[in-house]
Amino acid sequence: MKFSIERATLLKAVAQAQSVVERRNTIPILANVLIEAEGAGVSFRATDLDIEVVDKAAAQVERPGATTVSAVMLHEIVRKLPDGALVTLTDEAASGRLVIEAGRSTFNLATLPREDFPVMASSEYVSNFSAPAPVLRRLFDKAKFAISTEETRYYLNGVYMHTAQGDEGPVLRCVATDGHRLARIDAPLPDGATGMPGVIVPRKTVGELRKLLDDDEAQIAVSVSETKVRFATPTITLTSKVIDGTFPDYTRVIPVGNSRRLEVDAGDFAKAVDRVATVSSERSRAVKLSLDEDRLVLSVNAPDSGAAEEELVVAYGDERLEIGFNAKYLLEIASQVDRENAVFLFNSSGDPTLMREGNDMSAVYVVMPMRV
């Protein structure tokens, strides 16, 4: 195998591959990227047995062939090569080495046979549709902060993507929760997605998927089966196993009767929470919200380190209310708001609070209060 490729093109392909590779693994071949050259292009394939990414790139192929080489090492070498360099990769099968040449630099890397490389079994996808990258980006970006990191409740370690009935018809919905906060994001249901099985997309996959969604013009082909999900652009295909578990009935924790309405500038609110939380004890980071007519007082009282208070002018016309929250949760939820105003709906100081962006019901957040 021998081919030449532009450094920037190679770096982009190898960067995606090496991020999938597990740094600590007991199977040497899983640290490698499978490079396959044929026709007018090269594909780079990496897997950790749960996720597989294949990145195709244009190259001048002199001799077709395939080999595997350390993904992290290859990425480090390409990253340090000068911009604009033309990189030539030659597989010397007899000596088990891959020779990388660029300008006056030459590197020899050990290879492992391609036959040992595990390729993820193809799945019969029961649902296939396509969606614009910005739509999927919004669904996953706004939900992922609420993914649980608690390994014992493994079925919460991802984003639940499914179809549902929204206020204005069927929607594609992403939900994530860790038991303390919840995010529910809707988008119009794409053609072909009706009847799609609901799947829990793992946290690592959500992170890798983000790299496919930067191009606003891209259409992402989505394929779903009971056990796998695949996202593809013309050059990159990301296939992942889904979490084998049942996502809880999240509709039960979304409050419907919360009538006390607070409207506040989302940016001002986030900055004020951040400021007063500076003095809170790291463990609980509790912030108290005291609501009165058109006035919100944020306060923190940490006996060991001090106290802080800040007042905001808000739109609030209900009876007086005092309620406490974890500052980190409030900040994360406030940072999801794209438009100017955040609307909080309260019931009492012990009940879950609902937050949305203005009157937009396509993104809804729930946060549990704390005792303060």
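Modeller: This is a predicted model. Take helix α5: its buried residues are A266, F269, A270, A272, V273 and V276.

Colleague: How are the buried residues of α5 placed, seen down its axis?

Modeller: They fall within an arc of 165°, so they line one face of the helix. Residues three or four places apart in an α-helix point the same way, because there are 3.6 residues a turn.

Colleague: What covers the buried residues of α5?

Modeller: The cover includes strands β18, β19, β20, β21 and β24, and also helix α6.

Colleague: And at the start of α5, what does the side chain of D265 reach?

Modeller: A side-chain oxygen of D265 comes to within 3.0 Å of the backbone nitrogen of G267.

Colleague: Now the sheet. What is the strand order?

Modeller: β21-β20-β19-β23, an open sheet of four strands with antiparallel pairing. β21 and β23 each have a single partner strand, so one side of each is left without a neighbour in the sheet. On average, neighbouring strands are turned by 20° against each other, direction ignored.

Colleague: How does α5 sit on that sheet?

Modeller: α5 packs on it, touching β19, β20 and β21, and its direction makes about 165° with that of β21. Helix α6 lies across β19 and β23, at about 90° to β23.

Colleague: How many bridges join β20 and β21?

Modeller: Eight, in the antiparallel sense. Within that pair, R295 stands opposite V313 in β21.

Colleague: Last one: which element has the lowest mean pLDDT?

Modeller: Helix α6, at 90, while strand β14 has the highest, at 98. The chain averages 94, and 99% of the residues score at least 70.

Key:
Residues numbered from 1 in each chain as written. Predicted model: local features only at pLDDT ≥ 70, side-chain atom pairs only at ≥ 80, totals over all residues. Heavy atoms only, no water. pLDDT = per-residue confidence, 0-100. Helix = DSSP H or I, 4+ residues; strand = E, 2+ residues; numbered from the N terminus. Pairing = 2+ DSSP bridges. Axes fitted to C-alpha atoms, helices over the stretch in contact; angles between N-to-C directions. Contact = heavy atoms within 4.5 Å. Buried < 20%, exposed > 50% of the residue type's maximum accessible area, 1.4 Å probe, protein only. Arc of directions from axis to C-beta. Polar contact = N/O pair within 3.5 Å; in protein donor to acceptor, adjacent residues only side chain to side chain.
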